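I opened this structure to look up two things.

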Amino acid sequence: MAGGAARIFVSHLAGAPVFDPSGDQVGRVRDLVAMLRVGRRPPRVLGLVVEVIGRRRIFLPMTRVTGVESGQVITTGVLNVRRFEQRPTERLVLGEFLDRRVRLVDGGGEVTVLDVAMLQLPARRDWEIDRVFVRRGSRGALRRKGETLTVEWSAVTGFSLEEEGQGAESLVATFERMRPADLANALHHLTPKRRAEVAAALHDDRLADVLEELPEDDQIEILGKLKAERAADVLEAMDPDDAADLLSELPEDEKERLLTLMRPDDAADVRRLMSYEERTAGGLMTTEPIVLRPDATVADALARVRQQDLSPALAAQVYVCRPPDETPTGKFLGTVHFQRLLRDPPFTLVSAIVDTDLEPLSPDTPLPVVTSHLAAYNLVAAPVVDDSGSLLGAVTVDDVLDHLLPEDWRETEFGPEAGREVAHGA
C-alpha cells in the first residue's frame, strides 16, 4: 500500500504476518496502539503490537511500517525488541475498541462497534482511525439481525469512557484461528476486565483449551469470575490432569464446591489425580489415554487415533488392557505404537502386536525417573500401572516439560535481550 490511501479495517490485521524488506517473517500483529485526541478528532495510530520469537510482544512504530497490503505488514527491517508496555494514554484497538457500546451523536442511539478502519494521511506517514463499523440493536443472539453501517469517527461518542460489561464477540472472532497457546498469550496481555469479557464469550471447550495454556494466576482469576456452574463445565472440558492442577490451587471449600458441581465420573478422575503427589507419575498423568481390549483390531486402533481432540502425544500409542477398558482398567497387557499400527493389516488383532518389553511406570515414580524413562526409550508417553496391574493413565512429554521448566515459563519471553536493536535483512 506504500504511498497509497487505501482504508484498512483493523480486524484484517489480527494475526497478520510482519516481514522485513528481504521477505523474512519477523513476527505477527497482535494488536494496534492508538492515542485518543481532544474533541472529535480521529485517534492517531501510534504503532503495532507485534509478537516475535519467544512470544515476546514488542512495539513497532507506524513510522517503521512501509507497507500494509494483502493481509501482511512490511517494515523497514529494524526492530526494537524491548518488551511492549502500554502507557496510560494509549489504547489497544482490538482489545479495547471492538465490541464497545458507543452512541451516535445524531441521536441514533447506542450501537456496538464491530470494527474500525484506519487511513494513512496524504504525504505523511501518520495513520488515523477515521471510520467505525457499527451495528444497531442490543448484544446477544439477536445482534446479527441489526442494521450495520459505517460512520465517521466524529459521528460516535463513548470511546473515552470506561465501559462496564463490554461485549467480546468481535474480539473473539479475530482470535478464531489462533492456536490455544497463542490465544492464551493474547488473553494474558489484556486488562483483567477484557480478559474476563473474552473468557465469558468463549465456548466451554475453547476456554478449557486456553486455560490449560495460561499462567496459574490467570487461570485462577478467570475461573473465579465465572459462575460456579459454568466453571464446573469448563473444568469438565479440561484434561483431567490440568483440571486437577488448577483445582489444587483453590481454597478447600471452593475446590469441593466445584467438584460437587462436576459430573460424578469427571470429578472422580480429578479426585484420583489429586490424591497423588504432584511431581510423580500419578500426579502428572492423564486418565484418558486410548485403551483397547485384546480383541480390537488395528482398524479399531487407527479409528481411535484419528480422533481430533487427542493430543499428538496421546495419539502416538494405544494401551491394550483386559476389561474394564476405562481407567483404572483391568490387567494391562502392553502398548502398541502408532508406527506398528501403520505396518500391519487392518484386520490384525492388537493383542498380536503388543509391545511388552518396556516396563510401565508406577504412580509413585518421581519426576526425574519419569523424565529419564521417556528420554532413554525415546518415548512421548508412557503408561502408569498400579500394583494390581491395572492401567491408571499415561504420562505425556508435554506434562513432563510443564514441570521441568521454570514456574513462570509461560510468562517468560525467550529471545533477544531486551532493549537491543535488531536489523532484519540487513
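**Entry 1**

I found Glu197 and Lys193 four residues apart, about one turn of the helix, both in helix H4 (residues 192-201). Helices here are DSSP runs (H or I) of at least four residues and strands are runs (E) of at least two, numbered from the N terminus. I noted that an α-helix has 3.6 residues a turn, so residues three or four places apart point the same way. Glu197 and Lys193 form a salt bridge, with the closest N and O atoms 3.2 Å apart. A salt bridge means a side-chain nitrogen of Lys or Arg within 4 Å of a carboxyl oxygen of Asp or Glu. Glu197 counts as buried, at 11% relative accessibility. Buried is under 20% relative accessible area, exposed is over 50%, and partly exposed is in between (1.4 Å probe, protein chains only).

**Entry 2: what I am working with**

This is a predicted model: local features need pLDDT of at least 70, side-chain atom pairs count only at pLDDT 80 or more, and totals for chains, interfaces and linings use all residues. Residues are numbered from 1 along each chain as its sequence is written, and side-chain values use heavy atoms, with hydrogens and water left out.

**Entry 3: pairs across the chain**

How many salt bridges does a search of the whole structure find? I got 24.

I looked up Arg230 next. Arg230 forms a salt bridge with Asp204, and their closest N and O atoms are 2.9 Å apart. This pair links distant parts of the chain: Arg230 is in helix H7 (residues 228-237) and Asp204 is in helix H5 (residues 204-211), 26 residues apart. Arg230 counts as buried at 19% relative accessibility, while Asp204 is partly exposed at 25%.

Glu152 and Arg131 meet in a salt bridge through their side chains (2.8 Å, N to O). Glu152 lies in strand E13 (residues 148-152) and Arg131 in strand E12 (residues 127-136), 21 residues apart. Glu152 is partly exposed at 40% relative accessibility. Arg131 is partly exposed too, with a relative accessible area of 21%. I also found a network of salt bridges that links Arg7, Asp130, Arg131 and Glu152.

**Entry 4: the faces of H9**

Which residues of helix H9 (residues 252-261) are buried? I listed Lys255, Leu258 and Leu259. Seen down the axis of H9, the buried residues fall within an arc of 100 degrees, so they line one face of the helix. The arc is that of the directions from the helix axis to the C-beta atoms. The face turned away from the buried side of H9 carries the exposed residues Asp253 and Thr260.
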